[in-house]
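Here's a quick briefing to read with the model open beside you.

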Amino acid sequence: MDHLEEIRGRIGIEELVGSYVQLKKAGKSLKGLCPFHSEKTPSFIVSPDKGIAWCFGCHQGGDIFKFTQLVENVNFAEAVKILAQKTGVKLPERMPLIANQRLKTIEINEVASQFYQKKLEENPKMKDYFLNRGLTNETIQKFRLGYAPDSFDQLKNHLTEKHYDRKDLIEAAVVSQRSIADQSTYDRFRNRLMFPIFDHQDNPVAFSGRIVGQGEPKYINSPETPAYSKSLILYALNWAKESIKQKNVAIFMEGYMDVIAAHQAGTTNAVATCGTALTPQQLKLIQRYTKNIIFCFDGDGAGKEATFRAIELAQSSDVNLSVIQVPEGKDPDECIQKNPAAWQKAVENPISVMDFYFDQATKKFETQTVQGKKQVLDFLLPFIKTAKSEMEQNIYIHRLSLMLQTDPKLLWNDLRNLKSHKSHAQPVSEATIKTHSFTREEYLLGFIFSHPEIYPEIDKGLILTIPVDPDTERFYIALKTVYTRTSSIELAQIKEVFTEEDRERVEVLGLLVDEEYPDFSEENRMREVKKLIREINRKNLFNTQKEVEYKIRLSQDPAEKKSLLNHYNEILKLTLKI
Ligand SMILES: [Zn+2]
């Protein structure tokens, strides 16, 4: 892999990104408008120190290779080629290693998927979850749904018996390594309902695991692996692509269950973004099959917000958009189960994007008060301004005048006075992105990575090390291991114990805290850290309590029930202490 190091040595991240994006110096780092999503205030940060570029708006970025992959919409091997050309590094004819690792990951995922399917058959209670949600046996088989048992090593043992190499299992991310100090591994997905994710060529590239019963996080997903880059994959495209071509339209949904229910109900051209907002790469991918896209997100506020964002992103591409409105407040999945006729009708009658905006305006604002009318205008006029022709604008202005009982002439004046294209969905979505983007566990890690000396305080403060948020679990376990061994934490050590991929997250999270709290005094920092610890403790205890409650309800064995009740009481005691 010394070719990669050679390329790295010849081009800095700031130089590479600077050739795509205009960057301005901001302290130790540089800032610019994100090349992956449309924005007006820069949230794209380039750190020459850390060697990464990262967007804190849409959560995409990485080192020079990852950045090239994303911005050029290519896989890793192709990104290496592009960069080799740019920097004049000569590559060997073939780079078999990378392609190999991808194939190995797919093979391991295939075996794991069969294992999860078998476990589902052996656990009727878990299968009932799917059956109770209205799925048929046939559907469960088609989508290869499964169950990851409540165990740290069943899958690991199964794969090891089949002689898969420990290192390959880690690369495929079906198991996690505790740390470099403690090389033991454990199953990544435990006690979860499993949805295998396939690429459009039908290769199993990743998994999403849904929690059994209540609790957070509801879904955990495979991280990026040699086979999986989440911004490049559309869930169910492997099953939907023929139907999309035939019907010449694709329906974009939010959740796995939505898509599966839709397929079962005959809407076989549905796909889902994989637990992310729609990405430009996904838009490019779908255009191989159709130029017509219908968004069908949840009926709640977050779903509407996702629709605004998706429309905004897609409008700059050459695609035709429309929207399916699921009856108020309902997920598509729920609607399909309860009222298949209403679903069918909604699918056959998608509304235009402008109808969607008008509809939202009447729901959001009062159309009869002066204040409300002004809000409607502020909201709708920018969209009308973007209409393709004056005739179209005329139709909408007329409609608006009826809605507000206002003279169309006045509205035309307002429209002309409106300064060029200015969309209102944008500030809203940026704000939403900001507040929901990082979990508390990640912020806390960020503080550790930018100020390792505070770790002892955190070690003392966290009541439950496991379960924390599963995506950050490894980090906490590794930190704990180092701390127990050396009774101190230093940045160099931290980097040493993490895998390559995790190291990137260490950098990103450190950068997050550096950026968001640039001039924090030590006192303010400790206050923030303590607040995070308190909130994490509260959440973990609450989740554990729910999980134990659920187990008590399921348990048939009196002895087991008794020990669960004891556990439950301990948790209650801890909850009272914080
Ligand atoms: Zn972005």
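Which residues have the most contacts inside the largest nonpolar core? They are Tyr235, Phe252, Val259 and Val271, in a core of 144 residues. A nonpolar core here is a set of buried Ala, Val, Leu, Ile, Met, Phe, Trp, Tyr and Cys residues joined through C-beta atoms within 7 Å. "Buried" is used for a residue with 20 or more other C-beta atoms within 10 Å of its own, "exposed" for 12 or fewer, and "partly exposed" for anything in between, with C-beta atoms placed from the backbone.

Before going on, bear in mind that this is a predicted model: local features need pLDDT of at least 70, side-chain atom pairs count only at pLDDT 80 or more, and totals for chains, interfaces and linings use all residues. Residues are numbered from 1 along each chain as its sequence is written.

- For another distance to check on screen, take Pro124 and Arg309: they are 185 residues apart along the chain, and their C-alpha atoms are separated by 40 Å.
- Pro124 sits in helix H6 (residues 124-132) and is exposed, with 9 other C-beta atoms within 10 Å.

**The five-strand sheet**

- Helices (H or I, at least four residues) and strands (E, at least two) are DSSP runs, numbered from the N terminus, and two strands pair if DSSP finds at least two bridges between them.
- Five strands make an open, antiparallel sheet in the order S1-S2-S3-S4-S5. Its edge strands, S1 (24-26) and S5 (61-62), each pair on one side only.
- Within this sheet, S2 (residues 29-32) and S3 (residues 44-47) share three antiparallel bridges, and Lys31 has Ile45 of S3 as its bridge partner.

**Around strand S10**

- Strand S10 (residues 204-211) is mostly covered, with six of its eight residues buried.
- Seven bridges tie S10 to strand S9 (residues 192-198) in the antiparallel sense, and Leu193 is partnered by Arg210 in S10.
- S9 and S10 form a hairpin with five residues between them, and Asp202 in the turn has a positive phi of about 80°.
- S10 also runs antiparallel to strand S11 (residues 219-221), joined by three bridges; here Arg210 stands opposite Tyr219.

- Six strands form an open sheet with mixed pairing, in the order S12-S14-S13-S15-S16-S17. S12 and S17 (351-352) are at the edges with a single partner strand each, so one side of each is left without a neighbour in the sheet.
- S15 (residues 292-295) and S16 (residues 320-323) are parallel and paired over four bridges, with Ile293 partnered by Leu321 in S16.
- Helix H11 (residues 256-264) lies across S12, S13 (250-253) and S14 (270-273), at about 175° to S14. Axes are lines fitted to C-alpha atoms, for helices over the stretch in contact, and angles run from 0 to 180 degrees between N-to-C directions.
- Helix H13 (residues 301-315) lies across S13, S15 and S16, at about 165° to S15.
- Leaving aside neighbours within four places in sequence, Val271 has contacts that include Leu234, Tyr235, Phe252 and Val259; a contact needs the two C-beta atoms, placed from the backbone, to lie within 7 Å.

**Positive phi values**

- Most residues other than glycine have a negative phi.
- Ala236 has a positive phi, near 75°, in the loop between S12 (234-235) and helix H10 (237-247). Ala236 is buried, with 24 C-beta neighbours inside 10 Å.
- His163 has a positive phi of about 65°, in the loop between helix H8 (154-161) and helix H9 (166-172). His163 is exposed, with 6 other C-beta atoms within 10 Å.

**Helix H26**

- H26 (residues 522-554) has 33 residues and reaches 48 Å from its first C-alpha to its last, close to the 48 Å expected; the expected span is 1.5 Å times one less than the number of residues.
- Leu532, Ile536, Asn540 and Thr544 are buried in H26, and the cover over its buried residues includes helix H21 (440-450) and helix H27 (558-577).
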